[in-house]
Amino acid sequence: MERPYILHMFTPGRQMSPFDVNMAADAGYQVIAPYCEVELDGITALTQDAIFSRGPKGVARTGLFIGGRNAMLAADMLERAKASMVKPFVVSVMADPSGAYTTAAAMVACTEAALQKQGHGLDGLRVVVLGGLGPVGRIAGVIAAQAGALVTLSSRSGAAAAEAGARETAARFKVTMHGVSGADRAAVRASLAEVDVVLACAAAGVQVVSADDLKEAKRLKVAADVNAVPPEGIAGVGVMDDGKALAGSAAVGIGALAIGNVKYQTQHRLLVQMRESDKKALVLGFPEAFATARAFIAERAAGGAD
């Protein structure tokens, strides 16, 4: 009998995301086993139980997925799982906490594509991430910083919290980022005045940039927003916008559903890659998500992707 494809899904939360379970099933996994309230110190035992029970041939049809809502913890869990394996018992493992890795990757890849149409890349541009201490905001900031951008994480909790969060995240992923207050309209407008790109990663249904705020963003080139719940996170950026001119600005807007389509394709492709990689175990985090999102956008532009 042919061995089934099994995906073991670990989350520190009380339940595994139904979204991720659906994605795993659609990627071809036949057995999907969620494990909830998993702590970092429990990863080693769970990983080794998953790999040693199937034999060298069976591990090729075994994968691990790390979810949750904490982008930093997920990165630590990914590293712990990788370190827990012993050749030839090595399986593919992917992390995407609360969809943050694939969403952030899609957001930055869409932004980069819009910039390239204007003759720019991210390198050297000033980027502010509103809602910068959430999981998507932190990782979007890291990806942009790794691409050469000068990144600032903004927080409604104020400058001290933003700086502490930026410093912690930058140290964990070995990039440079700074924090800035987004506690009130004056603070938001001050942060917009000098930036080329705004990435809005705030909570759903919260408008973080008004039409009046946008008037302060004289240098703005791209405004991207992951909020799909009215009102829009950035005034004037519709959920379907994908490089549409932003009224009252020289910038273009990228909306939540445009980003969400790239996010969906990115997560699907990563899960399929993991299931189909029977020769080499893969370790898939946000750098791999960003590369996959970039590839999808390039294929789409060339007419080769749905």
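I call a residue buried under 20% relative accessible area, exposed over 50%, and partly exposed in between (1.4 Å probe, protein chains only). Helices (H or I, at least four residues) and strands (E, at least two) are DSSP runs, numbered from the N terminus.

I note that this is a predicted model, in which local features need pLDDT of at least 70, side-chain atom pairs count only at pLDDT 80 or more, and totals for chains, interfaces and linings use all residues. Residues are numbered from 1 along each chain as its sequence is written, and side-chain values use heavy atoms, with hydrogens and water left out.

**Strand 1 and its sheet**

I checked the cover on strand 1 (residues 6–10). Five of its five residues are buried, so the rest of the structure largely encloses it. Next I looked up its pairing. Strand 1 runs parallel to strand 2 (residues 31–35), and five bridges join them. I count two strands as paired if DSSP finds at least two bridges between them. Strands of a sheet pair through backbone hydrogen bonds, either parallel or antiparallel.

I then read off partners. Leu7 stands opposite Ile32 in strand 2. For His8, the bridge partner in strand 2 is Ala33.

In what order do the five strands of the open sheet come? I found 2-1-3-4-12, with parallel pairing. Strand 2 and strand 12 (283–284) are the edges, each pairing on one side only.

**Helix 5**

I compared the length of helix 5 (residues 100–117) with expectation. Its 18 residues should span 26 Å at 1.5 Å a residue, and its end C-alpha atoms are 26 Å apart, which agrees. The expected span is 1.5 Å times one less than the number of residues. Helix 5 is mostly covered, with 16 of its 18 residues buried. Just after helix 5, I saw that Gly119 takes a positive phi of about 85°.

**Arg275**

I went to Arg275 in helix 10 (residues 256–276). Is Arg275 buried or exposed? Its relative accessible area is 16%, so Arg275 is buried. I listed its contacts (heavy atoms within 4.5 Å). Leaving aside neighbours within four places in sequence, Arg275 touches Tyr5, Ala27, Gly28, Tyr29 and Ala60.

**Salt bridges**

I searched the whole structure and got 15 salt bridges. The criterion is a side-chain nitrogen of Lys or Arg within 4 Å of a carboxyl oxygen of Asp or Glu.

I looked at Asp196 and Arg219, whose side chains meet at 3.0 Å, N to O, in a salt bridge. This pair links distant parts of the chain, 23 residues apart: Asp196 is in the loop between helix 8 (185–192) and strand 8 (197–200), and Arg219 is in the loop between helix 9 (211–214) and strand 9. Asp196 counts as buried at 2% relative accessibility, whereas Arg219 counts as partly exposed at 35%.

I moved on to Asp242 and Arg300, a salt bridge with its closest N and O atoms 3.7 Å apart. Asp242 lies in strand 10 and Arg300 in helix 11 (residues 286–301), so the pair ties together parts 58 residues apart in sequence. Asp242 is partly exposed, at 41% relative accessible area. Arg300 is partly exposed too, at 28%.

I also took Glu299 and Arg269, whose side chains form a salt bridge (3.0 Å, N to O). Glu299 sits in helix 11 and Arg269 in helix 10, 30 residues apart, so far as chain position goes a link between distant parts. Glu299 counts as partly exposed at 31% relative accessibility. Arg269 is partly exposed, with 23%. I finished the bridges with a network: Arg185, Arg189 and Asp213 are joined by salt bridges that share partners.

**A surface patch**

Last, I looked up a nonpolar patch. Val239, Met240 and Leu257 form it on the surface, with about 270 Å² of accessible area together. Patch residues have over 30% relative accessible area and no salt bridge; like charges are joined within 9 Å, nonpolar side chains (Val, Leu, Ile, Met, Phe, Trp, Tyr) within 5 Å. Areas come from the Shrake-Rupley method with a 1.4 Å probe, and for residues only the protein chains shown count as cover. I placed Val239 in the loop between strand 9 (222–225) and strand 10 (242–245). Val239 counts as partly exposed at 30% relative accessibility.
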